Amino acid sequence: MTELPPIDWSGLEAAETVSLDTECSGLFADDGARVACVALAWEGGSLALPFDQGRLDKLSNGNQLERSLGEYNPNRSSFEWDLLCSVLREKRIVMHNAKYDLHMMAAGTRHFEGVDLSNQVIWDTMLASRVLEPRESAGLDACGARHGLGGKLGADEVAGWLKKNRLPKGRYDLVPWESVEPYVKADAELTYQLWRVQKGGEGAETSQDELSRQFDLCRTLFRIERRGIAYDGLESIKCAEAMLRKADEIEASMPFKCDITAAKKYFFETAGLPPDRVTDKGAPSLDREQVRDWVAAGIKWAEEYQIVSRARKAVSMWYQGYPDKMGADGRLRTSYNQGTVVSGRLSSERVNLQAVPKADKIQKGITPVRKLLRAKEGCGLWSLDMSQAELRVAAQYSGCTLMLERLADGVDFHALTTIDVLGVSPDDPDFKLKRDIGKQATFSSIFGIGGESFQKLLAKQGDVHLGLDECEQIVKAWRNTYPEIRWAYYKAQNRAERDGYVRILPGTEYERKSWLGPRDWPHTGWNRMVQGSLAAFVCMWLVAVDQDWPDTIVQTVHDSIVLELPVNEGDRIANEIAADGARRATEIFGLTMKVDVDRYI
DNA sequence: AAGTGTTGCGCC
DNA sequence: AAAGGGCGCAACACTT
C-alpha cells in the first residue's frame, strides 16, 4: 500500500469564504446516495479530497472492479473527514445548488457521519444566477462561460469513463480519482470565481434583498426536506396487497390483460368500439372518461378494466411507491425544486408530496393515502390553508368590486355566482350540483377559460355533461358578472407582450419582474401575476414560520403548510401561526386574507 | 439497456 | 383571433 501524501490544510484554514462541491453516488440520501469526494476552493487555492471514490466494491460484481482501483487507494480516513467537517463548520460557504450538497454533506459518506452545514451557506451561485440573470441558463457550465470564467473541465472524461465501463450515468463515485479530481476541483474553483463575479456585479446590490430571500428559502427547504413526514408504510403495503390480490382475481377472469396496450387492442379492435376522442397525434384515446362512459353503457369488461387499472395505478404510485421510498426512520422525503417553475412556485419530486391524492380518488374500503400520514411520538399534524387565495388575489389585482364584496365574511361566494351565472334560484332542487358547476366556472374563468375547454373540463373531472352552447353561455355570463377580471387579463397580456414580463407582488417592497420566455404565451401573463405573487408570498411565509417556529414544517403545497406540533399545544400554536400568516398576507395583498386550520392526524 | 417523447392523471 | 395556468410520476411507444 502506497502511503498517501499529507494534506496541507493551511490554505483552507486561513480562508474566510470557501466554495464547496461534492461528487456522490446518487441524488437522494434516502435512495442511498452518499458523498464520494469533496472539493473546496478559496482565494488563491483549492483542495479536493476523496473519501469513498472509485471504490467499486459498492457494486455487486465488485471483485473484478475492485482490482481496477489497484494498489493505490487515494481515499482519506475518518480522521481527515472529521477534520474537514470541523473546519467547514467555521467557514462561510458558497455552493452551486447548495441544497443538494447540503443534503449530501449531512448524509456523509458510506462510512463517515455527516455534518449539517446549512448555517454556513452564505451564497448559492445557481439561485443567484436565477435572480441576477433570470433569462439565462443557471447551470454552472453556462454561468461560467457567460462570465468568461471558462466552462466545466473534464466532464466528458468522467461521463466517458462510465460509459466505457458500462456503468450507470450518474455514478461519479465509481470513477477513478485521477479522472474525477480535476473535474470536481475545477467545479469548486469555478463556483468560487462565479461568486466573486456575482457579488461584485452591479445587480447584486440592487437585488440584495431578493438574493437573501432566495438563500433563506433554500435553507428552509433543506430543513423541511431533511425532516420529512412520517408515513405508515406497513399499513400502506397491506392496502397495496389487498388491492393487488383483488385486481389479480378480477383480471384472471378477463379475456385480456389489464395493461393499456392490451386494453386498447381489446376494446378498439377486438370489440370494435369507436373511441369518443383521439389524442393529439390522432390515436384512439383510452382515458378515464372513455372507460366511465363504457361502464355506464354496460360495455362488457369495461368495469373490470376500470377497477383493475385504477387499483394497479394507485399501488404503484402510492401504496407501494411511497413505502419503497421511505427513509430508514419511516419518513417520506421529497425534494423541492426552487426556481424552476416559471411562476415562482415550488415543484416537488422523488416523492411528489404536492400531489398526494385526496380521499375521493381512492376506492371504497381502502384507507386513503392522506390518512396514512403520521406524526412523531407526542405530535400531530395540522394543515394551514390560505383560504380562496387565488380568488382573493385575482379580485384585488383586478379591482373587481363585486368579487371583493362577495369575498366578505359570511357570504357564500359560489352560491351567489351560481345564481348569476347559471341563472338558477337557490331553491332549485339541483342547486348543490349547480353550485359545483358555478364553483368550477369561477376557478376556470379567473384565468380566462373558453366554452369548449370548460365543457371538456366538466366532463372529465366532474362527469358533468353540458352542451357546448350552455358552456359558452356560462363562461360569457361569468365574464359579464366579473368584467374587471377580463380587463386585468388583457392588461397583463399587453404588458407581457410589450415589456416581456409581468409584475409580481406589485406595489410592495417585494415587487419583482417575472419574465416570459419566447415560448410562454403572453395570454398567460395574468395567471403568472396572480399565481406568481401568491407563490412569492408563500415562500416568504415558509421562511418566517421556519424562523419563528423552528422544526415544525413538514410539507408545503402552493398555498398551504403542514406542521408537526405537540399534541397538547398544537391547536394553540397552529392558530397562532395561521393568524400570523393571515396578517402577513393581508398586509402584502392589501385585502383581508384568511388562513384555515385543519387537524390532519 | 437506456434515453426521449406521449398520454393520462395526481395536486394547487 | 383565441387560448385557464402551473407542475411530476408511471406506463408505454419508439429510438439508439
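Predicted model: local features only at pLDDT ≥ 70, side-chain atom pairs only at ≥ 80, totals over all residues.
Visitor: Let's start with DNA strand C. Which residues come nearest to DNA strand C?
Guide: There are 28 residues around DNA strand C, and T261, R350, F447, G450 and S453 come nearest.

Visitor: Which parts of the chain supply that surface near DNA strand C?
Guide: Five elements each supply at least two residues: α12 (260–270), α14 (302–319), β9 (347–349), α22 (483–499) and α23 (525–548). The largest share is three residues, and it comes from β9.

Visitor: How do those residues divide into nonpolar, polar and charged?
Guide: For the surface near DNA strand C, seven are nonpolar, 16 are polar and five are charged.

Visitor: OK, bases then. Which side chains have a polar atom by a base nitrogen of DNA strand C?
Guide: Q493 has a polar side-chain atom 2.8 Å from a base nitrogen of DNA strand C. Q531 also has one, at 3.0 Å from a base nitrogen. For N527 the partner is a sugar or linking oxygen of DNA strand C, 3.4 Å from an N or O atom in the N527 side chain.

Visitor: Now the other strand. Which residues are closest to DNA strand B?
Guide: DNA strand B is surrounded by 24 residues, and the closest are S285, R288, R345, K358 and D559.

Visitor: Which backbone atoms lie by a phosphate oxygen of DNA strand B?
Guide: A polar backbone atom of K358 is 2.7 Å from a phosphate oxygen of DNA strand B. L286 also puts a polar backbone atom by a phosphate oxygen, at 3.4 Å. On the base side, a polar side-chain atom of K313 lies 3.4 Å from a base nitrogen of DNA strand B.

Visitor: Changing topic: sheets. In what sense do β1 and β4 pair?
Guide: β1 (residues 17–24) and β4 (residues 92–95) pair in the parallel sense, over three bridges. V18 has I93 in β4 as its bridge partner. β4 also pairs in the parallel sense with β5 (residues 121–124), over three bridges, and there I93 stands opposite V121.

Visitor: What is the order of the open sheet of three strands?
Guide: The order is β7-β6-β10, with antiparallel pairing. β7 (331–332) and β10 (373–374) stand at the edges with a single partner strand each, so one side of each has no neighbour in the sheet. β6 (residues 229–231) pairs with β10 over two bridges, and Y231 stands opposite L373.

Visitor: Last one: what about the phi of D463 and H558?
Guide: Neither is a glycine, yet D463 has a positive phi of about 55° and H558 one of about 65°. D463 lies in the loop between α20 (451–462) and α21 (468–481), while H558 lies in the loop between β14 (553–556) and β15 (560–566).

Visitor: Why does D463 count as partly exposed?
Guide: Because its relative accessibility is 37%, which sits between the cut-offs of 20% and 50%. H558 is partly exposed too, with a relative accessible area of 26%.

Key: Residues numbered from 1 in each chain as written. Chains lettered and ligands numbered in written order. Heavy atoms only, no water. Near = heavy atom within 4 Å. Polar contact = N/O pair within 3.5 Å; in protein donor to acceptor, adjacent residues only side chain to side chain. Helix = DSSP H or I, 4+ residues; strand = E, 2+ residues; numbered from the N terminus. Nonpolar A, V, L, I, M, F, W, Y, C, P; charged D, E, K, R; others polar. Pairing = 2+ DSSP bridges. Buried < 20%, exposed > 50% of the residue type's maximum accessible area, 1.4 Å probe, protein only.
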